[in-house]
Amino acid sequence: PIPIIVDCDPGIDDTIALLTAFVSPELDILGVTPVCGNQPLERTVRNALQVCELGRRTEIPVYAGCFRPMFREPIYGQFHGQTGLGNTVLPDPVKAVEKKSAVDFLIDTLIAAAALRKRITICCLGPMTNVAVALRMSPQIAEGIERIVMMGGAYREPGNRTMTAEFNVLADPHAAHVVFSNGIPIVALALDATHQVMLKPEHVAQFSSVSGRISETLAELMAFWDRNDVRRYGSRGGPLHDPLVIAYLLAPHLFKTERARVFVEYESELCMGQTVADWYGKSGQEPNADIVTRVDAEGVIAFFLERLSRYAEK
Ligand code: BDR
Ligand code: CA
(Lines give C-alpha, C1' and ligand atoms only; values in the text may rest on other atoms or scores of the structure.)
(Ligands and ions follow the chains in the order given, each with its own letter.)
Protein backbone atom coordinates (compact mmCIF):
# COMPACT_ATOMS: atom_id res chain seq x y z
CA PRO A 1 0.00 0.00 0.00
CA ILE A 2 0.94 3.65 -0.51
CA PRO A 3 1.95 5.20 2.83
CA ILE A 4 0.11 8.51 3.30
CA ILE A 5 -0.49 11.18 5.92
CA VAL A 6 -3.78 13.06 5.66
CA ASP A 7 -3.36 16.70 6.64
CA CYS A 8 -6.84 18.21 6.84
CA ASP A 9 -9.34 20.59 8.46
CA PRO A 10 -12.64 18.65 8.63
CA GLY A 11 -14.84 20.08 7.12
CA ILE A 12 -17.60 18.32 5.19
CA ASP A 13 -15.57 17.56 2.06
CA ASP A 14 -12.56 16.58 4.19
CA THR A 15 -14.86 14.10 5.91
CA ILE A 16 -15.95 12.55 2.59
CA ALA A 17 -12.26 12.30 1.62
CA LEU A 18 -11.37 10.58 4.91
CA LEU A 19 -14.30 8.16 4.68
CA THR A 20 -13.17 7.21 1.16
CA ALA A 21 -9.55 6.72 2.22
CA PHE A 22 -10.66 4.57 5.18
CA VAL A 23 -12.13 1.89 2.88
CA SER A 24 -9.20 1.87 0.46
CA PRO A 25 -6.73 -0.91 1.28
CA GLU A 26 -4.30 0.47 -1.32
CA LEU A 27 -3.57 3.23 1.21
CA ASP A 28 -1.65 2.86 4.45
CA ILE A 29 -2.83 5.87 6.50
CA LEU A 30 -0.02 6.58 8.96
CA GLY A 31 -1.76 9.48 10.62
CA VAL A 32 -4.32 12.25 10.35
CA THR A 33 -3.09 15.76 11.15
CA PRO A 34 -5.88 18.32 11.56
CA VAL A 35 -4.97 21.99 11.29
CA CYS A 36 -6.68 25.31 11.96
CA GLY A 37 -8.74 25.92 8.83
CA ASN A 38 -12.44 25.50 8.18
CA GLN A 39 -12.83 25.72 11.94
CA PRO A 40 -10.54 26.50 14.89
CA LEU A 41 -8.08 23.71 15.70
CA GLU A 42 -10.04 22.41 18.66
CA ARG A 43 -12.96 21.70 16.33
CA THR A 44 -11.03 20.20 13.42
CA VAL A 45 -9.33 17.84 15.89
CA ARG A 46 -12.62 16.83 17.43
CA ASN A 47 -14.18 16.33 14.01
CA ALA A 48 -11.24 14.22 12.84
CA LEU A 49 -11.57 11.96 15.90
CA GLN A 50 -15.31 11.62 15.33
CA VAL A 51 -14.84 10.79 11.66
CA CYS A 52 -12.28 8.07 12.52
CA GLU A 53 -14.90 6.58 14.82
CA LEU A 54 -17.62 6.87 12.19
CA GLY A 55 -15.36 5.05 9.73
CA ARG A 56 -14.31 2.50 12.38
CA ARG A 57 -10.66 3.32 11.87
CA THR A 58 -9.86 4.30 15.45
CA GLU A 59 -6.41 2.70 15.20
CA ILE A 60 -5.27 5.57 12.96
CA PRO A 61 -3.55 8.16 15.17
CA VAL A 62 -4.73 11.79 15.08
CA TYR A 63 -2.16 14.50 15.85
CA ALA A 64 -3.21 18.08 16.51
CA GLY A 65 -1.55 20.54 14.16
CA CYS A 66 -0.90 24.25 14.20
CA PHE A 67 -3.17 26.42 16.27
CA ARG A 68 -2.91 29.37 13.91
CA PRO A 69 -1.61 30.16 10.42
CA MET A 70 2.12 30.96 10.10
CA PHE A 71 1.69 34.70 9.98
CA ARG A 72 -1.77 36.00 9.17
CA GLU A 73 -4.86 36.07 11.39
CA PRO A 74 -7.05 32.98 11.01
CA ILE A 75 -10.06 32.92 8.70
CA TYR A 76 -12.56 30.07 8.84
CA GLY A 77 -14.61 28.18 6.24
CA GLN A 78 -18.05 29.30 5.15
CA PHE A 79 -19.91 26.24 3.92
CA HIS A 80 -19.48 23.76 6.74
CA GLY A 81 -21.97 25.07 9.30
CA GLN A 82 -21.36 25.91 12.97
CA THR A 83 -19.37 22.81 13.82
CA GLY A 84 -17.65 22.07 10.52
CA LEU A 85 -19.92 19.09 9.91
CA GLY A 86 -23.05 20.92 8.80
CA ASN A 87 -26.07 19.87 10.85
CA THR A 88 -24.64 16.45 11.52
CA VAL A 89 -24.18 15.56 15.17
CA LEU A 90 -21.79 12.68 15.73
CA PRO A 91 -21.31 11.03 19.13
CA ASP A 92 -18.67 12.61 21.41
CA PRO A 93 -15.34 11.03 20.55
CA VAL A 94 -14.06 8.25 22.78
CA LYS A 95 -10.77 8.22 20.96
CA ALA A 96 -8.15 10.68 22.22
CA VAL A 97 -5.79 12.87 20.26
CA GLU A 98 -2.11 11.84 20.41
CA LYS A 99 0.24 13.69 22.76
CA LYS A 100 2.74 14.41 20.01
CA SER A 101 2.01 17.43 17.82
CA ALA A 102 1.33 17.06 14.10
CA VAL A 103 4.51 18.96 13.26
CA ASP A 104 6.64 16.61 15.42
CA PHE A 105 4.83 13.61 13.94
CA LEU A 106 5.54 14.82 10.40
CA ILE A 107 9.20 15.47 11.20
CA ASP A 108 9.81 12.17 13.04
CA THR A 109 7.93 10.06 10.50
CA LEU A 110 9.51 11.63 7.43
CA ILE A 111 13.04 11.50 8.85
CA ALA A 112 12.57 7.84 9.81
CA ALA A 113 11.25 7.10 6.31
CA ALA A 114 14.17 8.87 4.65
CA ALA A 115 16.63 6.86 6.76
CA LEU A 116 15.07 3.68 5.33
CA ARG A 117 15.06 5.19 1.81
CA LYS A 118 11.29 5.25 1.86
CA ARG A 119 9.02 8.10 0.89
CA ILE A 120 5.59 9.07 2.14
CA THR A 121 2.82 10.88 0.24
CA ILE A 122 1.31 13.87 2.02
CA CYS A 123 -2.34 14.63 1.21
CA CYS A 124 -3.14 18.26 2.02
CA LEU A 125 -6.85 19.01 2.31
CA GLY A 126 -6.61 22.28 4.22
CA PRO A 127 -4.28 25.25 4.73
CA MET A 128 -0.71 23.91 4.55
CA THR A 129 0.53 25.35 7.86
CA ASN A 130 1.59 22.00 9.38
CA VAL A 131 3.70 20.95 6.42
CA ALA A 132 5.25 24.41 6.02
CA VAL A 133 6.20 24.65 9.71
CA ALA A 134 7.66 21.13 9.61
CA LEU A 135 9.70 22.11 6.52
CA ARG A 136 10.92 25.27 8.23
CA MET A 137 11.94 23.36 11.37
CA SER A 138 13.54 20.38 9.60
CA PRO A 139 14.17 20.94 5.90
CA GLN A 140 15.65 17.45 5.60
CA ILE A 141 12.13 15.97 5.85
CA ALA A 142 11.81 16.71 2.12
CA GLU A 143 13.90 13.55 1.59
CA GLY A 144 11.10 11.48 3.10
CA ILE A 145 8.30 12.98 0.99
CA GLU A 146 7.26 11.13 -2.16
CA ARG A 147 5.03 14.01 -3.21
CA ILE A 148 2.37 16.37 -1.90
CA VAL A 149 -1.08 15.95 -3.41
CA MET A 150 -2.92 19.07 -2.38
CA MET A 151 -6.35 20.64 -2.78
CA GLY A 152 -6.06 24.38 -3.05
CA GLY A 153 -5.55 27.32 -5.32
CA ALA A 154 -7.30 28.62 -8.42
CA TYR A 155 -5.55 29.15 -11.74
CA ARG A 156 -7.76 29.82 -14.76
CA GLU A 157 -10.79 29.74 -12.47
CA PRO A 158 -11.56 32.71 -10.17
CA GLY A 159 -11.26 32.36 -6.40
CA ASN A 160 -13.95 31.05 -4.08
CA ARG A 161 -13.17 33.16 -1.02
CA THR A 162 -12.09 36.35 -2.71
CA MET A 163 -12.14 37.29 -6.38
CA THR A 164 -8.67 35.86 -6.78
CA ALA A 165 -8.07 33.39 -3.93
CA GLU A 166 -9.19 29.92 -2.99
CA PHE A 167 -9.82 29.30 0.74
CA ASN A 168 -6.99 26.86 1.62
CA VAL A 169 -4.31 29.05 0.11
CA LEU A 170 -5.82 32.30 1.37
CA ALA A 171 -6.10 30.92 4.90
CA ASP A 172 -2.30 30.52 4.99
CA PRO A 173 -0.66 32.01 1.90
CA HIS A 174 2.78 32.07 3.54
CA ALA A 175 2.57 28.34 4.20
CA ALA A 176 1.54 27.71 0.59
CA HIS A 177 4.49 29.81 -0.56
CA VAL A 178 6.89 27.78 1.61
CA VAL A 179 5.55 24.49 0.24
CA PHE A 180 5.52 25.55 -3.43
CA SER A 181 8.99 27.06 -3.31
CA ASN A 182 10.57 24.00 -1.68
CA GLY A 183 11.16 21.82 -4.73
CA ILE A 184 9.06 18.87 -3.49
CA PRO A 185 6.93 17.27 -6.25
CA ILE A 186 3.41 18.65 -5.98
CA VAL A 187 0.14 17.62 -7.59
CA ALA A 188 -2.27 20.56 -7.40
CA LEU A 189 -6.01 20.00 -7.39
CA ALA A 190 -7.27 23.56 -7.59
CA LEU A 191 -10.75 24.92 -8.23
CA ASP A 192 -10.01 24.42 -11.95
CA ALA A 193 -10.27 20.67 -11.23
CA THR A 194 -12.72 20.51 -8.36
CA HIS A 195 -15.38 22.66 -10.03
CA GLN A 196 -15.57 19.99 -12.74
CA VAL A 197 -17.01 17.49 -10.24
CA MET A 198 -20.30 18.62 -8.77
CA LEU A 199 -21.94 16.44 -6.15
CA LYS A 200 -25.53 16.84 -7.32
CA PRO A 201 -28.72 15.94 -5.44
CA GLU A 202 -29.19 12.83 -7.60
CA HIS A 203 -25.69 11.67 -6.65
CA VAL A 204 -26.45 12.22 -2.98
CA ALA A 205 -29.45 9.92 -3.33
CA GLN A 206 -27.29 7.28 -5.04
CA PHE A 207 -24.50 7.50 -2.47
CA SER A 208 -26.82 7.18 0.45
CA SER A 209 -28.64 4.23 -1.10
CA VAL A 210 -25.42 2.15 -1.20
CA SER A 211 -23.48 3.17 1.91
CA GLY A 212 -25.17 0.95 4.48
CA ARG A 213 -24.38 1.86 8.08
CA ILE A 214 -23.23 5.42 7.31
CA SER A 215 -25.92 6.24 4.75
CA GLU A 216 -27.95 8.65 6.88
CA THR A 217 -24.91 10.59 8.03
CA LEU A 218 -23.56 10.77 4.51
CA ALA A 219 -26.87 11.94 3.09
CA GLU A 220 -27.08 14.67 5.71
CA LEU A 221 -23.51 15.86 5.19
CA MET A 222 -23.83 15.81 1.43
CA ALA A 223 -27.20 17.58 1.41
CA PHE A 224 -25.66 20.38 3.50
CA TRP A 225 -22.93 20.72 0.86
CA ASP A 226 -25.41 21.80 -1.86
CA ARG A 227 -24.58 25.42 -2.76
CA ASN A 228 -27.85 25.80 -4.62
CA ASP A 229 -26.10 28.22 -6.97
CA VAL A 230 -26.75 27.26 -10.58
CA ARG A 231 -25.48 30.61 -11.85
CA ARG A 232 -22.04 30.02 -10.34
CA TYR A 233 -21.65 26.26 -10.82
CA GLY A 234 -23.89 25.44 -13.76
CA SER A 235 -25.94 23.01 -11.68
CA ARG A 236 -27.24 22.29 -8.20
CA GLY A 237 -24.87 20.61 -5.74
CA GLY A 238 -21.44 21.36 -4.33
CA PRO A 239 -17.93 20.89 -5.73
CA LEU A 240 -16.21 17.74 -4.46
CA HIS A 241 -12.96 19.48 -3.53
CA ASP A 242 -11.00 17.41 -1.01
CA PRO A 243 -12.18 13.90 -2.00
CA LEU A 244 -10.50 14.42 -5.39
CA VAL A 245 -7.12 14.11 -3.67
CA ILE A 246 -7.95 10.53 -2.69
CA ALA A 247 -9.44 9.78 -6.11
CA TYR A 248 -6.30 11.11 -7.77
CA LEU A 249 -4.11 8.74 -5.72
CA LEU A 250 -6.23 5.70 -6.51
CA ALA A 251 -7.50 6.41 -10.02
CA PRO A 252 -5.02 8.78 -11.70
CA HIS A 253 -6.26 7.80 -15.16
CA LEU A 254 -9.35 9.94 -14.49
CA PHE A 255 -7.22 13.11 -14.34
CA LYS A 256 -5.14 15.13 -16.82
CA THR A 257 -2.34 17.36 -15.59
CA GLU A 258 -0.11 20.11 -17.00
CA ARG A 259 3.25 21.00 -15.51
CA ALA A 260 3.94 24.61 -14.60
CA ARG A 261 5.73 26.83 -12.14
CA VAL A 262 3.35 28.03 -9.43
CA PHE A 263 3.79 31.25 -7.48
CA VAL A 264 1.74 32.27 -4.45
CA GLU A 265 0.87 35.91 -3.82
CA TYR A 266 1.13 36.80 -0.14
CA GLU A 267 1.64 40.56 -0.14
CA SER A 268 -0.99 42.23 -2.26
CA GLU A 269 -4.28 43.19 -0.67
CA LEU A 270 -6.32 42.61 -3.84
CA CYS A 271 -4.64 39.35 -4.83
CA MET A 272 -3.62 37.91 -1.45
CA GLY A 273 -3.63 34.11 -1.66
CA GLN A 274 -3.78 33.98 -5.45
CA THR A 275 -1.97 31.09 -7.11
CA VAL A 276 -0.34 32.08 -10.38
CA ALA A 277 0.78 29.45 -12.90
CA ASP A 278 3.49 30.17 -15.42
CA TRP A 279 1.84 28.21 -18.24
CA TYR A 280 4.06 29.60 -20.98
CA GLY A 281 7.47 29.74 -19.30
CA LYS A 282 7.57 33.50 -18.78
CA SER A 283 9.37 33.33 -15.44
CA GLY A 284 12.40 31.42 -16.62
CA GLN A 285 11.93 29.12 -13.60
CA GLU A 286 11.48 25.35 -13.71
CA PRO A 287 7.98 23.89 -13.20
CA ASN A 288 7.27 22.89 -9.58
CA ALA A 289 3.80 21.34 -9.89
CA ASP A 290 1.52 19.10 -11.89
CA ILE A 291 -1.70 21.07 -12.06
CA VAL A 292 -4.85 19.05 -12.74
CA THR A 293 -6.63 20.61 -15.70
CA ARG A 294 -9.19 17.96 -16.69
CA VAL A 295 -11.22 15.51 -14.63
CA ASP A 296 -13.47 12.70 -15.85
CA ALA A 297 -16.36 13.73 -13.62
CA GLU A 298 -18.56 10.71 -14.33
CA GLY A 299 -15.65 8.38 -13.72
CA VAL A 300 -14.87 10.08 -10.43
CA ILE A 301 -18.47 9.93 -9.21
CA ALA A 302 -18.59 6.21 -10.10
CA PHE A 303 -15.32 5.74 -8.21
CA PHE A 304 -16.72 7.31 -5.03
CA LEU A 305 -19.95 5.38 -5.37
CA GLU A 306 -18.07 2.10 -5.46
CA ARG A 307 -15.78 3.04 -2.56
CA LEU A 308 -18.55 4.29 -0.29
CA SER A 309 -20.66 1.21 -1.06
CA ARG A 310 -18.01 -0.70 0.92
CA TYR A 311 -19.63 0.70 4.08
CA ALA A 312 -22.51 -1.65 3.43
CA GLU A 313 -20.28 -4.42 4.79
CA LYS A 314 -18.18 -2.44 7.22
C1 BDR B 1 -11.40 24.07 0.34
O2 BDR B 1 -11.85 24.95 1.35
C3 BDR B 1 -12.43 24.24 2.38
O4 BDR B 1 -13.56 24.91 2.89
C5 BDR B 1 -12.76 22.87 1.84
O6 BDR B 1 -12.71 21.89 2.88
C7 BDR B 1 -11.70 22.65 0.81
O8 BDR B 1 -10.54 22.07 1.37
C9 BDR B 1 -12.06 24.45 -0.96
O10 BDR B 1 -11.73 25.75 -1.31
CA1 CA C 1 -10.57 21.08 3.59
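Predicted model: local features only at pLDDT ≥ 70, side-chain atom pairs only at ≥ 80, totals over all residues.

1. Which residues does the UniProt annotation "domain: Inosine/uridine-preferring nucleoside hydrolase" cover? According to that record, which is an unreviewed entry, the annotation covers residues 4–300.

2. The protein has a mean pLDDT of 97, with 100% of its residues at 70 or more, while the predictor gives the complex an ipTM of 0.99 and a pTM of 0.98. Among the elements of the protein, the lowest mean pLDDT, 93, belongs to helix α10 (residues 230–233), and the highest, 99, to strand β3 (residues 120–124).

3. Turning to the ligand, 14 residues surround ligand 1, and the closest are G11, D13, G77, F167 and H241. By class, this shell is made up of three nonpolar, seven polar and four charged residues. Two helices, α1 (12–22) and α5 (167–171), each supply at least two residues of the shell around ligand 1.

4. Helix α1 deserves a separate comment, since 11 of its 11 residues are buried. The buried residues of α1 include D13, which is also listed among the closest residues around ligand 1. The elements that cover the buried residues of α1 include the strands β1 (2–8) and β2 (27–34), together with the helices α2 (41–54), α9 (215–224), α11 (243–250) and α12 (297–308).

5. Helix α3 (residues 102–115) has 14 residues and reaches 20 Å from its first C-alpha to its last, close to the 20 Å expected at 1.5 Å a residue. Its buried residues are A102, V103, F105, L106, I107, T109 and L110, and what covers these buried residues of α3 includes β1, β2, β3, α4 (129–137) and β4 (145–151). Just after α3, R117 takes a positive phi of about 60 degrees.

6. The C-alpha atoms of L250 and V35, which lie 215 residues apart along the chain, are separated by 24 Å.

Definitions and conventions
Residues numbered from 1 in each chain as written. Chains lettered and ligands numbered in written order. Near = placed C-beta within 6 Å. Helix = DSSP H or I, 4+ residues; strand = E, 2+ residues; numbered from the N terminus. Nonpolar A, V, L, I, M, F, W, Y, C, P; charged D, E, K, R; others polar. UniProt positions renumbered as here; feature names shortened; annotations may be inferred. pLDDT = per-residue confidence, 0-100. Buried ≥ 20, exposed ≤ 12 C-beta atoms within 10 Å, placed from the backbone. Contact = placed C-beta atoms within 7 Å. Expected span 1.5 Å × (residues − 1).
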